[in-house]
Structure formats: structure tokens, C-alpha cells
Amino acid sequence: MAVDDTQPLISHLIELRKRLLNCIIAILVIFLCLAYFSNDIYQLVSAPLIKQMPAGASMIATDVASPFFTPVKLTIIVSVFLAVPIILYQLWAFVAPALYRHERKLVMPLLFSSSFLFYLGMAFAYFIVFPLAFGFFAKTAPHGVQIATDINNYLDFVMTLFMAFGVSFEVPIAIVLLCWTGVTTPDALRAKRPYVLVGAFVVGMLLTPPDIFSQTLLAIPMYCLFEVGVFFSRFYVSKADPDEAEEHDEDPE
């Protein structure tokens, strides 16, 4: 990639500020649209735990302000998650002038795929992992112990898992980028398949409850995503001579 060395540094900083402001405005607009439904959003996110709690049990708030601030905090986080495609587009628009035309055609599918895989990882956590994990925790509670989870602690727990699974499902994107930048090759990755499979189960052990079933539910998708990344990485192996690169287009906007 070649960068336009004649463009002053100040213009890059102004462009960066513009992109950051666009991201902040997008998050703010989404938050304002969702703020009224903060309690409903929290109820939706807490549903997997509530369904696994014993009859008569409920979540609690140990801090005076938690019933108000916790749903608002969740809504802010949800706004950031929903703004991910816009944030990625702003990042794309900022770096696009430094890319050749053939590189731009390769980057756009990566941006779309990264957003899709991030949301897919979160959906996998919500619909598959949460019911299994909370069911496991509820059944292993000592006799006489009443389950009453604090709403703020629950939010921190599920957000950690959402991020962990969202990032874990970006494995194909990471593989493609590693091959595209020349750090590794598809053939080298294929030779490391046994190590990757073991690593997937190790990650599954760290991110899920200590039972083989839920560990497998994470390890198998991660390994499948590794294979998907290896397959598509062959299309991103650089074959063009840098001296024959095309000229840059103008800013996409």
C-alpha cells in the first residue's frame, strides 16, 4: 500500500476527527432511539438467566442507583454494538485513500463479514451458551443457597461473554488478514490444524462452564471458522507486483 506523502499531516488529522465524530454521532443517535426502551432491553438480555432460576427467585439490585443506571449502561453498550457497521465503514473511509483499487475490492467483503461474524458470535452466546451456562450454574448451587444475582454483576458477566464470543468469531477475518499481510500462508495454516483444534478446545474451556458439552459447542464452531478463514485466505494472498499497482481513487465520499 502506498500513502500519499504530499498530503499534509494536518489534513489527515482533520479527516480522522471527522470520522471519529461520525462514529460518536451514530452511537448517540442510536442511544437516543433506544433510551426509552432501556428496561425492556435489560429484561431481554437477562431472560436466559431468569428462565433458569428456581421458582420464586429473582434478580436483585444491591446499589440504590442500579435499577436506573444499569439498564442505561446496557443501552449505551448495545448502541455501540449496533453502530459497529457504521464504525467499520468510517474506518474504511479513512484508510481507503491509501489503498489501491484492487485492494479496496478485497477490503469491502472483509468489513461486511467482520460485522456479520461479530453479531453471529453474540447470537451464538445468547441462544446457545447462556442457557447451558446458567442452567449448569443453577443446578450446581449448594443446597439451601438462594440464587439472587445482582443486576450490575450480571451485566458485567454477560457483556464479557458477548465480547469474548463476538471476537472469537472473527477468526476467519484474522486469518485472512494474516495471509494478506504475508505473516503466514494458507499452506502453513493447514499444517497447523492439529494445534488449532487443541487450541480451540482450550479457548472453549476458558470461556464456558466446566462441562465438555458447552466447551465443545464453542470449540467446534471456532475450528470450523478457522477452516473457513483458511479457505478464503487463498483469495487474499498478494500476487500483484507493487510496481504495477493502480493509482488511488478519490475519497469514497
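This is a predicted model: local features need pLDDT of at least 70, side-chain atom pairs count only at pLDDT 80 or more; totals for chains, interfaces and linings use all residues.

Me: How many helices and how many strands does the protein chain have?
Reply: The chain has ten helices and zero strands. Read from the N terminus on, the elements go α-α-α-α-α-α-α-α-α-α.

Me: And the contacts: what percentage join residues at least 24 apart?
Reply: That would be 84%, taken among contacts between residues at least 6 apart in sequence.

Me: What about the accessible surface, how much is there?
Reply: The accessible surface of the protein chain comes to about 14,900 Å². Carbon and sulfur atoms account for 71% of that surface.

Me: Let's go inside. How many residues does the largest nonpolar core have?
Reply: The largest nonpolar core has 49 residues. Those with the most contacts inside it are Leu 74, Phe 130, Tyr 154, Val 158, Phe 162 and Phe 165. The elements giving two or more residues to this core include helix H1 (9–34), helix H2 (38–52), helix H6 (151–168) and H10.

Me: Which helix gives the most to this core?
Reply: H5 does, with twelve residues. Apart from this core lies another one, of five residues, with Cys 179, Leu 189, Phe 226 and Val 230 among them.

Me: Back to H5. What should its 39 residues span?
Reply: At 1.5 Å a residue, H5 should span 57 Å. The C-alpha atoms at its ends are 56 Å apart, which agrees with that expectation.

Me: And where in H5 does the kink lie?
Reply: The kink lies at Val 129, shortly before the proline Pro 131, and it is about 45°.

Me: New topic: cysteines. How many disulfides are there?
Reply: The count comes to zero disulfides. In general, a disulfide is a covalent bond between the sulfur atoms of two cysteines.

Me: Is Cys 33 buried or exposed? And Cys 179, buried or exposed?
Reply: Cys 33 counts as exposed because its relative accessibility is 51%, and exposed means over 50%. Cys 179 has a relative accessibility of 4%, so it counts as buried.

Me: Now Thr 70. Where is it found?
Reply: Thr 70 is found in helix H3, which covers residues 66–82. With 1% relative accessibility, Thr 70 counts as buried.

Me: Which residues does Thr 70 touch?
Reply: Leaving out residues up to four places away in sequence, Thr 70 touches Tyr 42, Ile 151, Asn 152 and Leu 155.

Me: How about Ala 219, which helix is it found in?
Reply: Ala 219 is found in helix H10, residues 212–233. Ala 219 is buried, with a relative accessible area of 0%. Not counting residues up to four places away in sequence, Ala 219 touches Ala 200 and Phe 201.

Me: Last one: where is the place of Asn 22?
Reply: Asn 22 has its place in helix H1. At 25% relative accessibility, Asn 22 counts as partly exposed. The C-alpha atoms of Asn 22 and Gln 90 are separated by 7.5 Å, although these residues are 68 residues apart along the chain.

Conventions: Residues are numbered from 1 along each chain as its sequence is written. Side-chain values use heavy atoms; hydrogens and water are left out. A disulfide is a pair of cysteine sulfur atoms within 2.5 Å. Buried means under 20% relative accessible area, exposed over 50%, partly exposed in between (1.4 Å probe, protein chains only). Helices (H or I, at least four residues) and strands (E, at least two) are DSSP runs, numbered from the N terminus. Contact means heavy atoms within 4.5 Å. Accessible areas come from the Shrake-Rupley method with a 1.4 Å probe; for residues, only the protein chains shown count as cover. A nonpolar core is a set of buried Ala, Val, Leu, Ile, Met, Phe, Trp, Tyr and Cys residues joined through side-chain atoms within 4.5 Å. The expected span of a helix is 1.5 Å times one less than its number of residues. The bend at a residue is the angle between axes fitted to the seven residues ending there and the seven starting there.
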